[in-house]
Amino acid sequence: MTSRPPPAEPKRPTIYQEAMEVFHRAADLIGLDRRVRMELEEPDYEHIFYVTVKLHTRLTPLTQAAEVQKYSDLTESELLPDGLEPLLDGSFVFKRRALIGARLQMRDGVVRLKGKGLYKVVPGRPERFKAYRVQHNQARGPYKGGIRYHQDVSLDLFKVLAAEMTWKTAIADVPFGGAKGGIKVDPKSLSSEELEALTLRYMYRLKPLIGPTLDIPAPDVGTDASIMGLLLRQFTDGERERHALRGVVTGKDTRIGGSEGRVRATGQGLAYCIQEWFADRGTTPAGSTFVLQGFGNVGSNAAEILTGLGAKLLAVNDAGGTIYSPGGIDVLDLIAYVYDNPANMRKTVAGYPKAQQIGKSDLWDVECDICIPAALGGEITGPVAERLKCKLVAEGANGPTTSEGDRVLEKRGIEMIPDIIANAGGVTVSYYEWIQNKRMEHWSETEVNGRLEQAIKSNYRIIRDISRNTPRRTATHNSTRYCIDKEVDMRTAAMVLALKRIEAHYQLEGFSQ
Ligand code: NAD
């Protein structure tokens with residue numbers, strides 16, 4: 001007798017399927033053209049490739065007492081102080097010229113470093129890293145999206161983030177589509193020379209797939225303007241008309257074609273949305289309070305701008321810890337503690353002496369007006385949303401609230417500025433950078449911020465009008481085309497705007513792009 005197999009467990013939805021829930025909801029609401037829906041349901045291209053790089057020789061600390069005893073008579077080696085680069089795990093990486101002028105005393109591959117102790121020499125070796133570029137949709141313009149270096153990335157995550165870029169570029173009304181990519185690597189586990197080699201190799205592999213009118217990367221978690229400079233160099237190396245290619249990446253240093261205001265743009269855009277939320281209630285952020293998760297590019301800039309507008313930062317959580325000060329945290333002082341202090345290698349708020357150290361989950365219990373998640377995705381889950389004691393969640397990060405979190409926030413009457421408009425400042429100024437590169441111009445920060453404010457606030461107003469079903473045409477915005485005869489939550493409203501703008505391209509241009 002053959003026994004019947006146990007009933008299959010229902011398959012859990014992938015994070016991509018989960019993230020597309022709001023897409024399907026909005027598509028149903030507006031009766032999105034079936035073929036447009038198919039075009040948008042899956043990415044145009046999913047590139048996975050491998051990048052190899054030679055890791056340098058490392059010195060890893062000897063910790064076992066017996067071993068330390070065994071080499072107790074080993075004399076000290078002398079290396080030039082800048083010949084080694086320290087890593088967070090306590091090891092050192094040899095720089096290219098580390099051995100010039102060195103006097104090494106080695107036994108069984110063990111050396112003693114002056115003032116530091118015993119280390120095992122681990123010879124350099126090649127290593128392979130998995131790399132990605134997902135190109136989701138290009139109906140509105142070239143693919144556009146960041147490059148993430150992080151140990152927890154996956155194809156599914158990049159699909160989520162690439163699709164989110166398609167919606168975001170449409171909402172920001174910039175002439176781009178959506179993409180995202182990066183490398184599965186903890187960038188802090190590599191030396192700066194290794195990171196440079198990895199970045200150059202990544203672009204070497206990526207080059208056939210991207211270009212200033214095809215797909216334009218930008219910084220994301222784990223990458224910055226210096227990585228963009230390396231990507232630019234590798235892309236344009238040996239090209240006859242390389243200056244015309246400067247727009248192949250955005251988020252560059254302002255000295256090599258980056259835009260003024262780009263570094264702060266995402267935080268600035270977030271602050272404009274929050275200002276608009278207050279303006280709608282006839283008030284301003286002055287005197288309000290907020291808590292923050294993530295004190296990186298987005299979080300620290302948003303905090304600086306909001307406190308400049310008179311708001312008070314009560315608590316911050318980041319990857320290293322959580323701090324709290326009921327009287328308010330001095331943001332400029334905290335920025336100096338995190339970023340201008342070479343001893344703070346993890347660039348964390350943890351240990352900040354002018355605030356209390358609290359547990360991560362205590363952040364959610366702090367009573368405030370605004371909660372700003374500006375770290376990674378999936379942090380505001382259902383149970384976290386139950387705890388929040390704020391009036392507004394303004395999503396600096398991409399996808400920080402789960403669908404269950406959304407439902408709880410709605411049930412509790414906590415308002416929401418969804419990520420696709422709240423953090424669209426970065427891609428908007430990326431577009432300004434791209435135009436400046438095309439025109440060989442350099443705009444002032446005042447000009448950039450003036451345009452950004454107008455763009456973010458008018459698109460925010462359109463989304464708010466869709467959400468409340470109040471179609472209006474004013475001097476600054478026109479929501480008449482987008483309202484759908486019923487009220488919807490802000491996240492759905494933002495998606496309605498994105499889908500209507502994308503659908504127009506298919507309807508008016510046809511399907512051959
Ligand atoms: P960043 O690398 O500069 O900073 C990330 C911050 O998050 C750091 O403070 C880090 O300590 C913190 N963090 C990491 N893991 C954490 C964890 N498990 N718990 C708590 N904190 C944690 O990154 P960023 O550029 O500020 O980006 C933050 C978010 O904003 C990301 O979701 C990113 O996709 C999104 N975003 C960034 C931009 C941009 O222009 N930089 C634009 C749009 C969206």
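Author: Welcome! Let's start with a cluster: F176, Y431, Y432, W434 and W443 are linked by ring pairs. The model is predicted, so local features need pLDDT of at least 70 and side-chain atom pairs pLDDT 80 or more, while totals for chains, interfaces and linings use all residues. Residues are numbered from 1 along each chain as its sequence is written, and side-chain values use heavy atoms, without hydrogens and water.

Reader: How is a pair of aromatic rings described?

Author: By the distance of the centres and the angle of the planes. Rings of Phe, Tyr and Trp (its six-membered ring) pair if their centres lie within 6.5 Å; planes under 30 degrees apart are stacked, over 60 edge-to-face, and the rest tilted. By this rule the count here is 11 aromatic pairs. One of them, F49 with Y202, is stacked, at 5.7 Å centre to centre and 15 degrees between the planes.

Reader: Which parts does the pair of F49 and Y202 tie together?

Author: F49 lies in strand β1 (residues 45-55) and Y202 in helix α6 (residues 192-206), so the pair joins parts 153 residues apart in sequence. Helices (H or I, at least four residues) and strands (E, at least two) are DSSP runs, numbered from the N terminus.

Reader: Are F49 and Y202 buried or exposed?

Author: Both F49 and Y202 are buried. Buried means under 20% relative accessible area, exposed over 50%, and partly exposed in between (1.4 Å probe, protein chains only).

Reader: What about Y431 and Y432?

Author: Their ring centres are 6.0 Å apart with planes at 45 degrees, so this pair is tilted. Y431 is partly exposed at 21% relative accessible area, whereas Y432 is buried at 6%.
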